[in-house]
Amino acid sequence: MLSVLLVTFPFFALVLCGYLAARSGVLPQPAIPGLNAFVLYFALPCMLYRFGASTPIGQLLDPAVAGVYLLCALVMVGGTVALTRNARIGWNDAAFGALVAAFPNTGFMGVPLLVALLGAQSAGPVIVTLVMDMVITSSLCIALSRLDGAGTHGVGVALRNAFRGMATNPMPWSIALGALASALRFSLPGPVEKTVAMLADAASPVALFTIGAVLARSQMNQHEQVLVRDYVPIALAKLLLHPLLVWGVGRMAIVLGVPLSPFALTVLVLLAALPSASNVSLLAERFGAHNGRIARIILVSTALAFLSFSGAVALLT
């Protein structure tokens, strides 16, 4: 356990540094969108491209990994909506609560952390799950959020906005280009490769620092009271129930003869044990959901994940 904590501590320490920098005012709130833009449009796409280009194309197109992970994501979404929707929490808030319960922080935290723990061979399953969450899970939850007529737009407009957002998101495109480069065995020219490598190396520390800053900003800007029962159970479900579900479904799939390797299952379980994705807060704000509740779920899951994720690593590796 101590050796695992030695690996995971720097990652969560960087999140804490970003949080403290924003809370203390050392990092002004107006600067946080700039950090987000650097990570989203420059550093993280370069890191994903490099991993995609260096990963065998068979690992990037693994239907067993995609199927097991997507099935568990759909179960998490359906179960969370069914258990949380009530007179106070309509479709809009229930849907984004479900998204934050099913969508781990794969891009900002999962890719660098899993590669550091398990090696570069873990990049393939990680990238597959990232695509599933960005394309399918997010679109499904956005569509569900429109069912009670929240906001001024209908389901069709919400879906068009969701697909437009995916089209302008550089991460899926960088993954696709990396997969194409892997399939064609294409290598970038030397100076371009060096530039991409420098940006990719900056992705992990800046992304983790930015997560902390975003969480601090969300907490500082939300002054209304949120009932503990409206956010703590979902955070615990994300950290405990989600990885247990993935482990159970994955083991059952292996018994049934699905070609899912034990290593790939380990990667999937550890991804599910990650805290909630911080970008869900931005989506919740855009579609008029209760962002204070979503931000608290992300904050609690990130704080508790230092111990729960480290424990999962110690059990599985």
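Biologist: Where does Asn-105 lie?
Modeller: Asn-105 sits in the loop between helix H5 (91-102) and helix H6 (106-118). Bear in mind that this is a predicted model.

Biologist: Is Asn-105 buried or exposed?
Modeller: Buried, because its relative accessibility is 4%, and the cut-off for buried is under 20%.

Biologist: Which residues does Asn-105 touch?
Modeller: Leaving out residues up to four places away in sequence, Asn-105 touches Gly-110, Ile-211, Leu-274, Pro-275, Ser-276, Ala-277 and Ser-278.

Biologist: Switching to the cores. How many residues are in the largest nonpolar core?
Modeller: The largest nonpolar core has 85 residues. Those with the most contacts inside it are Phe-96, Met-109, Leu-114, Val-280, Ile-294 and Phe-309.

Biologist: Which helix gives the most to this core?
Modeller: That is H10, with 10 residues.

Biologist: And what is Leu-114 in contact with?
Modeller: Beyond its neighbours within four places in sequence, Leu-114 contacts Gly-119, Ser-122, Val-126, Val-267, Leu-270, Leu-271 and Phe-309. Phe-309 is also among the core residues with the most contacts.

Biologist: What does the second core include?
Modeller: The second core is separate and has 18 residues. Ala-66, Cys-72, Val-128 and Ala-272 are among them.

Biologist: Is Cys-141 buried or exposed?
Modeller: Buried, with a relative accessible area of 0%. Cys-46 is buried too, at 13%.

Biologist: Now charges. How many salt bridges does a search of the whole structure find?
Modeller: Two. In one of them, Arg-50 pairs with Asp-201, and the closest N and O atoms are 2.9 Å apart.

Biologist: Which parts does the pair of Arg-50 and Asp-201 tie together?
Modeller: Arg-50 lies in helix H2 (residues 32-54) and Asp-201 in helix H10 (residues 190-221), so the pair links parts that are 151 residues apart in sequence. Arg-50 is partly exposed, with a relative accessible area of 29%.

Biologist: What about Asp-230? Which side chain does it meet in a salt bridge?
Modeller: Asp-230 meets Arg-88, at 2.8 Å from N to O. Asp-230 is in the loop between H10 and helix H11 (232-255), and Arg-88 is in the loop between helix H4 (63-84) and H5, so this pair ties together parts that are 142 residues apart in sequence.

Biologist: Which of those counts as buried and which as partly exposed?
Modeller: Asp-230 is buried, with a relative accessible area of 10%. Arg-88 counts as partly exposed, at 46% relative accessibility.

Biologist: Out to the surface. Which residues form the nonpolar patch?
Modeller: Leu-74, Val-135, Ile-136 and Leu-140. Together they have about 260 Å² of accessible area.

Biologist: Which helix gives the most to the patch?
Modeller: Helix H7 (residues 123-145), with three residues. Leu-140 is found in helix H7.

Biologist: Tell me about Leu-140. What does it touch?
Modeller: Leaving out residues up to four places away in sequence, Leu-140 touches Leu-74 and Val-77. Leu-74 is in the patch as well. Leu-140 counts as partly exposed, at 30% relative accessibility.

Biologist: How many residues apart in sequence are Leu-140 and Leu-188?
Modeller: They are 48 residues apart in sequence. In space, they are 36 Å apart, C-alpha to C-alpha.

Biologist: On to the tryptophan. Where is Trp-247 found?
Modeller: Trp-247 is in helix H11. It is partly exposed, with a relative accessible area of 44%. Not counting residues up to four places away in sequence, Trp-247 touches Leu-265 and Val-269.

Biologist: And how many Å apart are Trp-247 and Ala-273?
Modeller: The C-alpha to C-alpha distance is 11 Å. In sequence, Trp-247 and Ala-273 are 26 residues apart.

Biologist: Last topic, the backbone. What is phi of Arg-185 near?
Modeller: Phi of Arg-185 is near 55°, a positive value in a residue other than glycine. Arg-185 is in the loop between helix H9 (170-184) and H10.

Biologist: Is Arg-185 buried or exposed?
Modeller: Exposed, because its relative accessibility is 78%, and exposed means over 50%.

Key
Residues are numbered from 1 along each chain as its sequence is written. This is a predicted model: local features need pLDDT of at least 70, side-chain atom pairs count only at pLDDT 80 or more; totals for chains, interfaces and linings use all residues. Side-chain values use heavy atoms; hydrogens and water are left out. Patches are made of residues with over 30% relative accessible area and no salt bridge: like charges are joined within 9 Å, nonpolar side chains (Val, Leu, Ile, Met, Phe, Trp, Tyr) within 5 Å. Accessible areas come from the Shrake-Rupley method with a 1.4 Å probe; for residues, only the protein chains shown count as cover. A salt bridge is a side-chain nitrogen of Lys or Arg within 4 Å of a carboxyl oxygen of Asp or Glu. Helices (H or I, at least four residues) and strands (E, at least two) are DSSP runs, numbered from the N terminus. Buried means under 20% relative accessible area, exposed over 50%, partly exposed in between (1.4 Å probe, protein chains only). Contact means heavy atoms within 4.5 Å. A nonpolar core is a set of buried Ala, Val, Leu, Ile, Met, Phe, Trp, Tyr and Cys residues joined through side-chain atoms within 4.5 Å.
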